[in-house]
Amino acid sequence: MQNTKHEKFMRMAIRLSEQNVTNGIGGPFGAVIVRDGELVAKSANRVTTTLDPTAHAEVSAIRKACRKLKTFDLTGCVIYTSCEPCPMCLSAIYWSHIEKIYFANTKQDAQQIGFDDQFIYDEIALPMNRRKLEIQQILRDEALIVFEQWDNSDLKIAY
């Protein structure tokens with residue numbers, strides 16, 4: 001894809017983020033998903049309007065793209081996002097098999113305006129018993145039975 005097409009889709013993501021700010025709808029983030037040079041889905045950040053902390057622009061765009069394409073596998077797609085993805089969004093991008101990320105603002109730029117994800121990166125690097133969020137494992141034996149059922153199921157769909 002030519003650079004001008006990349007810029008077109010990035011500008012679309014940036015416009016979504018700008019509209020969110022201008023209209024007081026949500027955070028200054030937008031994302032666009034493209035396959036074969038064609039727009040598949042787009043979304044801005046919807047955390048405050050949906051009362052959903054996972055409704056970041058990238059995750060919201062992924063959800064829309066999957067519904068539109070009727071698949072959970074976005075192989076062949078790229079994402080344009082107005083800011084470097086946070087850890088949650090980056091994970092969702094990996095899980096959805098999007099093949100490339102184009103971003104505008106950096107995570108350092110986001111940190112400057114109060115969106116600091118560094119604490120999440122720091123927490124993930126710590127052993128579970130040293131994290132701020134209390135984590136306790138219980139009933140593993142019972143849960144393993146379900147994993148065995150899944151592993152042996154003829155109905156499972158790998159993803």
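How many salt bridges does the structure hold? The structure holds three salt bridges, a salt bridge being a side-chain nitrogen of Lys or Arg within 4 Å of a carboxyl oxygen of Asp or Glu. This is a predicted model, in which local features need pLDDT of at least 70 and side-chain atom pairs count only at pLDDT 80 or more, while totals for chains, interfaces and linings use all residues. Residues are numbered from 1 along each chain as its sequence is written, and side-chain values use heavy atoms, with hydrogens and water left out.

**Sheet**

- Four strands form an open sheet in the order S2-S1-S3-S4, with mixed pairing; strands (E, at least two residues) and helices (H or I, at least four) are DSSP runs, numbered from the N terminus.
- S2 and strand S4 (100-105) are the edge strands, each with a single partner strand, so one side of each has no neighbour in the sheet.
- From one strand to the next, the twist averages 15°.
- S1 and S3 pair in the antiparallel sense over five bridges; two strands pair if DSSP finds at least two bridges between them.
- Val32 has Tyr80 in S3 as its bridge partner.
- H3 lies across S1, S2 and S3 and runs at about 140° to S2. Axes are lines fitted to C-alpha atoms, for helices over the stretch in contact, and angles run from 0 to 180 degrees between N-to-C directions.

**Nonpolar cores**

- The largest nonpolar core has 21 residues, and those with the most contacts inside it are Ile33, Ile62, Ala65, Leu74, Ile79 and Ile98. A nonpolar core is a set of buried Ala, Val, Leu, Ile, Met, Phe, Trp, Tyr and Cys residues joined through side-chain atoms within 4.5 Å.
- Strand S1 (30-35), strand S2 (38-44), H3, strand S3 (77-83) and helix H4 (87-96) each supply at least two residues of this core.
- H3 gives the largest share of this core, six residues.
- Not counting residues up to four places away in sequence, Ala65 touches Ile33, Val40, Ala41 and Leu74; contact means heavy atoms within 4.5 Å.
- Another core, of 10 residues, lies apart from the largest one and has Phe9, Ala13, Val34 and Ala44 among its members.

**Salt bridges**

- Arg11 forms a salt bridge with Glu7, with the closest N and O atoms 3.8 Å apart. The two are four residues apart in helix H1, so about one helical turn separates Arg11 and Glu7.
- Arg11 is partly exposed at 49% relative accessibility, and Glu7 is partly exposed at 34%. Buried means under 20% relative accessible area, exposed over 50%, and partly exposed in between (1.4 Å probe, protein chains only).
- Asp52 forms a salt bridge with Arg63, the closest N and O atoms lying 3.5 Å apart. This pair links distant parts of the chain, 11 residues apart: Asp52 is in the loop between helix H2 (47-50) and helix H3 (57-69), and Arg63 is in helix H3.
- The side chains of Asp151 and Lys156 form a salt bridge at 3.5 Å, N to O. Asp151 counts as exposed at 53% relative accessibility, whereas Lys156 counts as partly exposed at 33%.

**Asn20**

- Asn20 lies in helix H1 (residues 3-22) and counts as buried, at 2% relative accessibility.
- A polar atom of the Asn20 side chain lies 3.0 Å from the backbone oxygen of Gly27.
- Leaving out residues up to four places away in sequence, Asn20 touches Ile25, Gly26, Gly27, Phe29, Ala44, Asn45 and Arg46.

Definitions and conventions. A polar contact is a pair of N or O atoms within 3.5 Å; within protein, one must be able to donate a hydrogen and the other to accept it, and residues adjacent in sequence count only if both atoms are side-chain atoms.
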